[in-house]
Amino acid sequence: MSNLLKNIQTKNLISIGLLVFIPIAIVTEKLDWDALIVFGLSAIAIIPLAIWLSRATEEIAVVLGPSIGGLLNAVFGNATELIIALVALKEGLVDIVKASITGTIISNLLLVMGLSMLLGGLRYKEQTFQPMAARVNGSTMTLAVTAIVLPAMVITTSNVVEPSAITNLSIFVAVVLIVVYGLTLLFSLKTHSYLYDVGVVELEDKVSLEQTTEADKHSKPNLALWVGILLAATIGVAFVSEIFVGAVEQATKGLGLTPLFTGVILLPLIGGAAEYVTAVRVAMKNNMDLSVSVAMGSSLLVALLVAPILVLVGQLIGQPMDLNFNLFEVVAVIIAVVIANLISLDGRSNWLEGMLLLATYAVVGAAFYFHPV
């Protein structure tokens, strides 16, 4: 514990400092302050919790080894987004939940990759990453996009569609996507793990460079401590998410924002803070392999696991959730996937490509803002 405290870095001090917003958000919610204030404070409170949840997952992965650690990273990689979505689904905010799914995919592929390539490219003239892993992720993402497109196309191309038909189609697709996600884990952690070794190397470097002194350079993180932090962060995210979701509708209405814009743009920015920090940080260390893996892997996790889980849970708790996304959302996801795949094909990146991704995200964000729904 003393070693941990001795080696705390500036970024950790900031994330610790932001934890003060948790009690502040709780107090403002109990005192029935304006929904916009509660919304803003609870959103800030979620960010450090998401960072510590991600950090704890990484540290536990170092101790447990590449296979179990990789599985843990895969499961908890988007835990914050999943918790917020589950709380919102329980409250009946189905439209916002759907929008947050597509929004997370779009933000990871355009915003996170864009920031990583821009800031990494400003520091290094040209960066490289394994195109094979990017192509595998891109191919799997194509299946996910197909699953998102089909229910919307069924309704668009049919005169009358029974709601039960869309529900049954969504449940079937959800099961298929979960099976595919399991197979991608088998591929990345077992049969073709060499394609993803970069993530393990970075985690090992992280231990030796950031968390150890010269005296205990080869020691591993305290497993019990980081498991406790993981549990505390998860419970904290769930608790604060209740406050956040309770204020989100009224607050966004007060700001003149639609549920579509809130779900696609605002929620991913809050829930995905940890992924953004990780991806940009490693890109600036010239590790674009891991940065691209974080961005594309998070998108895959949302499309192949988070969305199907929400569909199945929605049926169980009486909040019908299907994969019938707004056609405009579908088009935006297709654009994001196509552009991300094109840019990652050659295994090279520079600041201009990052700028192009960010410009695309800005245009998509503006389109959602002015969308009349």
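Buried means under 20% relative accessible area, exposed over 50%, partly exposed in between (1.4 Å probe, protein chains only). I'm working on a predicted model, where local features need pLDDT of at least 70, side-chain atom pairs count only at pLDDT 80 or more, and totals for chains, interfaces and linings use all residues. Residues are numbered from 1 along each chain as its sequence is written, and side-chain values use heavy atoms, with hydrogens and water left out.

I found serine 170 in helix 9 (helices are DSSP runs of H or I, at least four residues, numbered from the N terminus). Serine 170 counts as buried because its relative accessibility is 0%. Leaving aside neighbours within four places in sequence, I get Val311, Asp322 and Leu323 in contact with serine 170 (contact: heavy atoms within 4.5 Å).

Next, the helix pair. Helix 8 (residues 131-156) packs on helix 9 (residues 163-191) at about 175 degrees, axes 11 Å apart (axes are lines fitted to C-alpha atoms over the stretch in contact, angles run from 0 to 180 degrees between N-to-C directions). That makes the two helices roughly antiparallel (over 145 degrees). On the helix 8 side I noted Val136 and Leu143, among others, and on the helix 9 side residues including Ile166 and Phe187.

Then the core. The largest nonpolar core has 105 residues, with Met141, Leu310 and Met321 among those with the most contacts inside it (a set of buried Ala, Val, Leu, Ile, Met, Phe, Trp, Tyr and Cys joined through side-chain atoms within 4.5 Å). Helix 14 (residues 288-316) gives the largest share of this core, 16 residues. Not counting residues up to four places away in sequence, methionine 321 touches Leu310 and Lys98, among others.

Conventions:
Parallel < 35°, antiparallel > 145°, perpendicular 65-115°, else oblique.
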